[in-house]
Amino acid sequence: MLRFEHIRQLSTIHVLERSKLGCKLGSFSEDGVGKVPALIGSFMRHLTSKSSTDASVRKISKVLVANRGEIAIRIMRAAKQLGLRTVAVFSTADRNALHTRYADEAVCIGPPLSTQSYLNIQSILRAVKETGADAVHPGYGFLSEHVDFAEALEREGVKFVGPNTKAIRAMGDKIESKRIAKRAGVFIIDGYIGEINSDKQAFEVAKEIGFPVMVKASAGGGGKGMRVASNEKELIEAFRICKSEAESAFGDSRLLIEKYIVKPRHIEIQILADEHGNVVYFPERECSVQRRNQKVIEEAPSPLLDPVTRQKMGEQAVALAKEVGYTSAGTVEYLVSGLDKSFHFLEMNTRLQVEHPITEAITGIDLAQSMFRIAAGEKLHIRQEDISIVGSAIECRIYAENPYSNFLPSVGNIRCYKEPTLEHLKPLSLSLGDRLERLEHLNFNSHGVRVDAGVEEGLDIPIFYDPLISKLVAFGENRNDALHRMANALDEYVIDGDRLIHNVPFCRAVISNPKFISGDITTNLIKEEWPNGFRGVALSKDQNYQAISATAMLYFRDTSYTSAVVKVDNHQEQQFLVRKVDETTLSFQPIPLDWNGVVPEQAIEELVSSSYFKTSILGGGRVELINIETHNKLGVIQVKRLGNSRLDLVASYRVTCFGAKFDVCLRPAHVAVLEKFMKRTDAASQSKILKAPMPGTVRSINVKEKDSVSEGQEVAVLEAMKMQNVLRAPSSGTVKRVFCSQGEILSLDQPLVEIE
């Protein structure tokens, strides 16, 4: 049975087929990923169940985690806390990945494409047999809701750490799950309960229930195979794209259509169910901040719900679980009206959710460990009355994607990486009592921060998988405290690499958005607040001065100058003459861009004093992290010196702070005066060559040479990180040349089509 041992140090990892892959995997202790304390005392007694002596309890001693990245590490951490040995699997693209070094053993299961590795059931079964694993945890995504995988393990006598196959099959089919939900008395959305076989049928259904409608993959999840259509033209395109995405991501192209609820909120209920008929529900998670129908920021509890609505939603989730005979961890998702709090069943995810840490934070209950206990045949160690809400938690999904270009995936090498600690803020209050011990067990630090990451400095972000870098979680004693800690954590989080772009600035913008702060949000928040796309954050005057002060202090530290002319790319109408008054004070005076060396009489001098100024050099000098206190406000500012800088002439820095990212140029006064005599070149004319906006695989080329195209016409479909992206003609004209073919893997900015 499960053994609760002291956590052991890992020995050198045994990697099967090491010589074939040429993998260079060394020893790796748990301290390299996160603190995993050996728990004793009150919380360990809380976890221990009397049912561990039941005859129904089955032996689990070694678990294979059929996943990658941060979730593989999260599951392994829970397994190690229970004294289980762990096995990682990896593709050749992940040969040096963090999760392979965190496990006791690691097995290569195939080439980079997920269909040949992480979705290859036979390869994973071979790894199970080779390592002698007696249980498999699928994590989320990949094979986590694949009934054939669970059945294959069952035939081999290996325990699937997840729900039974009956529940996976029923709830994994969105059409069948709606029928079961209706039978269980769960409120459902108006729509067609059945499979949509053609775009013609889709249009007939849409006319009957009324636009707008949601087209979605029956076997889907994670925002893939989902599109909103407001008219017939959008519906036909949505039907085609969703069908293709569904087949590619899930191997099941069936679609359904349902009414799209205007002003919806996405709220979900976590449940746990054992094999003895016991089911409990947890406080809700709100997941309304989404892009491409995929969650970006989640929080628990929701600022919308009241105790009565929470109980009704929870009871319906329990009723659905009992109706289908559910076991293990699962999540019932609802669409909730922000007007009257009415709610409708959306789907049930038969796996551990990406956002499970925020539920763990506010309840103190380890969901991953609970899954292992249930898989071992134990009765639930908690009752409904044991579950309560303490504090508030927010999670930001940190993606390798470009928020300035419609969130297109981004790949590259991580040259500098530092997770936030919030040591410049006050730690969590001791009044939280034993919850502090539980939070420590759940990998939160004393300042309420947890980072579930699958990366480290030097690793590449591959193009073959979901672009998730990490999950950043902040816990606070209330929602305002959690928001404050998250904002600071995002400012402190350093992820830097060549050509690597991430969404940290966007997450910071959302956290600071007035609508989000008020809790008055819908799933359309991103579209409503940034209708023309995210273009960065406009800083206040004080925030600009803080950023310039931090950069100028570095410049003065590294040169003999005590004054400089500063130009900021988000302040093109003016620049500043900055002087060093003393070690903590700078003076600012605005001057024109064509400065002649004389400060205008009307230029008001302002003093900015920083009573606290501390720098940390990261990545071999690549990034400096600056803690600064200005106007009694603590801030964290990241400054990266650009490679073409010459401190004796022009020093250029890239500054990241408060959700903004911009360049700051500093130069001595005598250099700045000469700039007006420099010849300026006109901007290059817009190119008529359509280039790959991210690395990916060409799924289709829809034009040929000499074809006439109009601006905005679909030209190609490029797939990257499991999402298909339609590429459109940048201008009207005739196709002069097609540079690539279907199935070809393109790099960033590689030409596809030239139009003349």
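## Overview of the predicted chain

Of the 756 residues of the protein chain, 58% count as buried, where buried means under 20% relative accessible area, exposed means over 50%, and partly exposed lies in between, with a 1.4 Å probe and protein chains only. This is a predicted model, in which local features need pLDDT of at least 70 and side-chain atom pairs count only at pLDDT 80 or more, while totals for chains, interfaces and linings use all residues. Residues are numbered from 1 along each chain as its sequence is written, and side-chain values use heavy atoms, with hydrogens and water left out.

The protein chain has 20 helices and 41 strands, these being DSSP runs numbered from the N terminus (helices are H or I with at least four residues, strands are E with at least two). Among contacts in the protein chain (heavy atoms within 4.5 Å) between residues at least 6 apart in sequence, 66% join residues at least 24 apart. The accessible area, from the Shrake-Rupley method with a 1.4 Å probe, comes to about 30000 Å² for the protein chain, of which carbon and sulfur atoms supply 49%.

## Confidence

The mean pLDDT of the protein chain (the predictor's confidence in each residue, from 0 to 100) is 86, and 88% of the residues reach 70 or more. Over residues 1–55, however, the pLDDT is below 50, although this stretch has 116 contacts in the model beyond near neighbours in sequence. The pLDDT also stays under 50 over residues 681–686, for which the model has one contact beyond four places in sequence. Where pLDDT is low, the predicted coordinates should not be read in detail.

## Strand β15 and its partners

Strand β15 covers residues 328–337, and because 10 of its 10 residues are buried, this strand is largely enclosed by the rest of the structure. Strand β11 (residues 264–273) pairs with β15 in the antiparallel sense over 10 bridges, two strands being counted as paired if DSSP finds at least two bridges between them, and within this pairing L272 stands opposite A329 of β15.

Strand β16 (residues 343–349) also runs antiparallel to β15, joined to it by six bridges, with F343 of β16 as the bridge partner of V336. The hairpin of β15 and β16 has five residues between the strands, and K341 there takes a positive phi near 65 degrees.

The antiparallel pairing of β34 with strand β41 (residues 751–755) extends over three bridges, and K691 stands opposite P751 in β41.

## Helix α9 and the residues after it

In helix α9 (residues 199–209), the residues A202, F203, V205 and A206 are buried. Seen down the axis of α9, the buried residues fall within an arc of 165 degrees, so they line one face of the helix; the arc is that of the directions from the helix axis to the C-beta atoms. The face of α9 turned away from the buried side carries the exposed residues K200 and E208.

Just after α9, G210 takes a positive phi of about 90 degrees. A cis peptide bond with omega of about -5 degrees then joins F211 and P212, and P212 is placed in the loop between α9 and β8 (213–221).

## Other local features

A cis peptide bond also joins A300 and P301, with omega of about -5 degrees, and P301 lies in the loop between β14 (294–300) and α11 (307–324). Positive phi values occur in residues other than glycine as well: L422 has a phi of about 60 degrees and is found in the loop between β21 (416–418) and α14 (434–441), where L422 counts as buried at 0% relative accessibility. For F658, phi is near 55 degrees; F658 is placed in the loop between β32 (651–657) and β33 (660–667) and counts as buried at 10% relative accessibility.

D481, found in helix α15 (residues 479–492), is buried with a relative accessible area of 17%, and a polar atom of the D481 side chain lies 2.9 Å from the backbone nitrogen of E477. In strand β30 (residues 623–630), I626 is buried with a relative accessible area of 0%; I626 and V639 are 13 residues apart in sequence and, C-alpha to C-alpha, 7.6 Å apart in space.

Conventions
A polar contact is a pair of N or O atoms within 3.5 Å; within protein, one must be able to donate a hydrogen and the other to accept it, and residues adjacent in sequence count only if both atoms are side-chain atoms.
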